[in-house]
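The following note sets out a few points for a student reading this model. Please keep the sequence and the structure in view while going through them.

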Amino acid sequence: MTPALEPLRRIAAYAVATDPQGRVLLVRASTRSGTPGVWSLPGGAVDHGEDPNHTVVRETAAETGLSVAVAGLRDVLADMRSLPHRGVTIHTDRLIYEVTIRGGNLYDRVGQPTDLARWHTLAEAEKLRLRPFTAAALGLSAASADLRPEEAPDFPSFYAVPGPDGLHRAQRFAAYAIATDPQDRLLLTRIAPGYPGAGRWHLPGGGTDYGEQPGTALIRELVEETGQEGRLVELLGVASHRDAASLGPEGYPIDWHGVRAFYRVVVDAPTEVIVGDVGGSTDAACWMALKEVAQLPPEQLTEVTAEALRAARLA
């Protein structure tokens, strides 16, 4: 049995880098980590307000000595990991990026959470002890030493903590849908009064639950928020936005950092749109023809909606 541990959440970004021989770059956890000797992709936690694109470049350089450039988003994964020696269970939303090497030299680190960086063929990597997200990202079935809780612990959907300046901080991972139907309509929701962006058209979706994969969370949110059943088609991208003094129903300013994955979703059999979360952040939802969406003034759309539409090439 996994002991009762304090639940935590974080967002992290990782690099998939390959060399001309097709080898992948991996780093080894040191004795300072919870799983010494286990290998993973280079990367780490997204700092508050930091764009994950910058995180993966910064963390890869720190762990390997190599400078990289982001080539594209490969996948978004989530997992839970129990660390009894620290008294915590951590849910991590992991953004996996394809990167290219710009230069630098591999080096070993002393006294850090990772101590080695090496190139491995996929056949070699499969024989290593890999973190589960690394094996999944590389399409391998390697064994892992991670300790996973038997069930997800309770964790609030909204979680803010005091920052170093005294202002509360909140970092949230969410998944949203560019959801279309056979009539070339887009499913939109409207933000309710009292919430940031009130009155603007937004995408269906929202924050993921602890222990939940983003794609699973999105399909659940689609049903709960609008009554529509959809199917995932593809991951379109990730948006990062910081509002340094967001004011919502809490009644006090919050330094808010949102990281949002957006997916293309198809609703094959659209039905009447029903807002399920009455009294929540959504006060209306509707199907809107794509040509009408294209004619909406920018100030009537949320930032994440506009960015997702561009990624889907619908704007």
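1. Basis of the note. This is a predicted model, in which local features need pLDDT of at least 70 and side-chain atom pairs count only at pLDDT 80 or more, while totals for chains, interfaces and linings use all residues. Residues are numbered from 1 along each chain as its sequence is written, and side-chain values use heavy atoms, with hydrogens and water left out.

2. Helix 1. Helices are DSSP runs of H or I with at least four residues, strands are runs of E with at least two, and both are numbered from the N terminus. Helix 1 has 13 residues and reaches 18 Å from its first C-alpha to its last, close to the 18 Å expected at 1.5 Å a residue; the expected span is 1.5 Å times one less than the number of residues.

3. The buried face. Buried means under 20% relative accessible area, exposed over 50%, and partly exposed in between (1.4 Å probe, protein chains only). In helix 1, the buried residues are Pro52, Thr55, Val56, Glu59, Thr60, Glu63 and Thr64. Seen down the axis of helix 1, they fall within an arc of 120°, so they line one face of the helix; the arc is that of the directions from the helix axis to the C-beta atoms.

4. Threonine 55. Threonine 55 counts as buried because its relative accessibility is 0%. Leaving aside residues up to four places away in sequence, threonine 55 touches residues including Ala13, Gly44 and Glu50, where contact means heavy atoms within 4.5 Å.

5. Salt bridges. The structure holds 21 salt bridges, each a side-chain nitrogen of Lys or Arg within 4 Å of a carboxyl oxygen of Asp or Glu. Arginine 94 forms one with aspartate 79, the closest N and O atoms being 2.6 Å apart. Arginine 94 lies in strand 6 and aspartate 79 in strand 5, so the pair ties together parts that are 15 residues apart in sequence. Both arginine 94 and aspartate 79 are buried.

6. A network. Asp209, Glu212, Arg220, Glu221 and Glu224 are linked in a network of salt bridges. Within this group, arginine 220 and glutamate 212 have their closest N and O atoms 2.8 Å apart. Arginine 220 is partly exposed at 21%, whereas glutamate 212 is buried at 12%.
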